[in-house]
Amino acid sequence: MNKTINQKAWYFVIPVFVLVAFNAAIPLMTVVNYSFQETFGNNVFAWEGTRWFKQILLSERFHAALGRQFAFTFIILLIQIPLGIAIALTMPKKGWGVPVCLILMSMPLLIPWNVVGAMWNIFALPDIGFLGYTLNSVGFDYNFTQQPGDAWFTTILMDVWHWTSLVVLLSYAGLNSIQPAYYQAAEIDGASRWATFRYIELPKMKKVLTLAILLRFMDSFMIYTEPFVLTGGGPGNTTAFLSIDLVKMALGQFDLGPAAAMSLIYFFIVLLVCWVFYNLMMKNEAQS
Amino acid sequence: MSLELKNVEKKVGIDTHIHPTSLKLEKNTINVLLGSTLAGKTTLMQIMAGLDKPTSGEIWFDGKNVTGMKVQKRNCSMVYQQFINYPNYTVYENIASPLTITGVKDDEIKQRVGKVAELLKLSAMLNKKPDELSGGQQQRTALARALVKDSDLILLDEPLANLDFKLREELREELPKLFENRDCIVVYATTEPSDALMIGGNTATLLEGKVIQYGKTLDVYNKPENLISAKVFSDPPMNIAEITKSGDNCKFTDNNVQWKSSVKIKDGTYKIGIRPHNITTYKEGNNSVEINGKVQISELSGSESLIHFTNGNLNWVSLSNGTQQKNVGEDTKLYMNTDEFLYFDQNNRLVNNG
């Protein structure tokens, strides 16, 4: 039988192609373009090679921002993952409590990010905010706009409030997919609550937890709006995470070249960490 | 040693899951709980194990009242329909887990696990994780975990239901042997009458949260106390029809088929239960009687032929040996072995029981 040749199907790919081009490729290539050149007014460019990349990679400012970023992400993961699992474990499994808990849990996730920032900003103000005022009146010298430690504390608290729910919901879904027979089997064996968690619940939640950690890593590593509204990166540069620092450089100082180079480096770090993490988890999966 | 349920009842809200039930299971016996889904088999087992408390009634074990005693203190083990193993333990660790928790010495664990693993043909895969095994091997691991413990009570809740046909047959043959020479009470829940017959021991027929009859498996099968028990213990479903008896002559109410019966019961109307394999395309026994039928469904399995047919208003199911080729719509003659008829009175009690 002869095959009829009909290449019209390619036309159907065009919308997707255009969409992806506008959505990802063109903006990304613009950034790549900036990152290798010096940009002057009137669309005048001069080739700079890898100069901006070298400059960023060697700059102390970048190292500091990167360090802050990793510290922040590490701390919030360390709090949110165990806390999320713990809350999911205590949530009811049936009855009227289920929808109540689920709705309460989803609340923070539904609030726009800049609103979260503004809310916490007012909430934490040392003179009129509920949190700030209370802390001060019980004897803490708390002022997140002036003291770096307090700024960090507030930012972390805000992120935990905003995002722990996501970990809770994912863990809860993972827990609910465990058949009751597993718990009975553990009960018959006389396994302790800890052993049940360690040898049944945790391994059964492994996949959703991998997902939760990945999502929380990416989100927190790219965090911008909330700390921008809350602290604006201050006091000084103490809460200027990578994205805040990037915007300062690109729009504040209009250093397009270094900012573009930094964006790409930033992008590759996120990609690299996700790739390494994912592969480690999948390698474990293959072994078990 | 015995396990006794005394008037055990289980209610959840307004629903009664188990109606007051009394049952005494003896040491060294295998007891089959036979009933369809939702008959209360699992609930009954959970009450026996102590995973669930009865609403009222008592459970006695070995002469002691154990009602409300926690499952951990009861020394029982359970195998489920789903293959329940610890996911990140190896097969060895899984089998050893009940012993590790109770603090048995390593040498002894090694020896006991080795023995059980050999019995269940798992010796070659002790270092694998459960999800690397086939369904049959996973269930063998779960069985091994139940056996290694030397429990007083072993509960098997439809352990073969999730296995494919061949593995099921294979494991079903091995099961009774596994429990030989063990000082324990085994309870085996199943929906399949053939499981009960293969396993032997005792059988309790269940329907809608009630134990209908309990006794030696063959007795329950051959002499069901009543129509319900007979129906539960019949697959394919039992044929039931109304008859009238006057003197030695019996006749179906709905057709003209007649036969002579030596059963010593009063004249009157009765219900007859006929197991499908007692209606065949060939004569069997000395007292068979002919019936005409129109074939509705004909299924051949190779060694057996299942023929559904109608006679007047009644639907019948017959099961013959060999391949009996029948066409749908065809008029055919079949033979009923009247010696094997079960006669039930108007209260559905078996009357020809001896």
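This section describes the fold, the domains, the chain contact and some local backbone features of a predicted model.

Chain B contains eight helices and 20 strands. Its C-alpha trace extends over about 75 × 45 × 35 Å along the principal axes. Of the 354 residues in chain B, 38% count as buried. Contacts in chain B between residues at least 6 apart in sequence join, in 65% of cases, residues at least 24 apart. One pair illustrates separation along the chain and in space: B:G114 and B:L334 are 220 residues apart in sequence, and their C-alpha atoms are 55 Å apart. B:G114 belongs to helix α3 of chain B, which covers residues 106-119. This glycine has 15 C-beta neighbours inside 10 Å. B:G114 therefore counts as partly exposed, since that class lies between the limit of 12 or fewer for exposed residues and that of 20 or more for buried ones.

The domain assignment divides chain B into domain 1, residues 2-232, and domain 2, residues 239-344. The C-alpha centres of these two domains of chain B lie 37 Å apart. Four residues from domain 1 of chain B and four residues from domain 2 of chain B make up the contact between them. On the side of domain 1 of chain B that touches domain 2 of chain B, three residues are nonpolar, one is polar and none is charged.

Between the chains, 19 residues of chain B are in contact with 15 residues of chain A. On the chain B side of this contact, the elements giving two or more residues are β6 (76-79) and α2 (91-102) of chain B. Helix α2(B) gives the most, with four residues. By class, the side of chain B that touches chain A comprises 12 nonpolar, six polar and one charged residues.

In chain A, helix α4 covers residues 97-110 and has 14 residues. From its first C-alpha to its last, α4 of chain A reaches 20 Å, close to the 20 Å expected at 1.5 Å a residue. Of the 14 residues of α4(A), the number buried is zero, so the helix lies largely in the open.

Most residues other than glycine have a negative phi, and most peptide bonds are trans. The peptide bond from B:D235 to B:P236 is cis, its omega being near 0°. B:P236 is placed in the loop between α8 (227-232) and β11 (239-246) of chain B.

Positive phi values occur at B:E208, near 45°, and at B:N348, near 65°; neither residue is glycine. B:E208 lies in the loop that joins β9 (202-207) and β10 (210-216) of chain B. With 15 other C-beta atoms within 10 Å, B:E208 is partly exposed. B:N348 is found in the segment after β20 (342-344) of chain B. Around B:N348 there are 16 other C-beta atoms within 10 Å, and this residue is therefore partly exposed.

Terms used:
Residues numbered from 1 in each chain as written. Chains lettered and ligands numbered in written order. Predicted model: local features only at pLDDT ≥ 70, side-chain atom pairs only at ≥ 80, totals over all residues. Domains from an automatic or database assignment. Contact = placed C-beta atoms within 7 Å. Nonpolar A, V, L, I, M, F, W, Y, C, P; charged D, E, K, R; others polar. Expected span 1.5 Å × (residues − 1).
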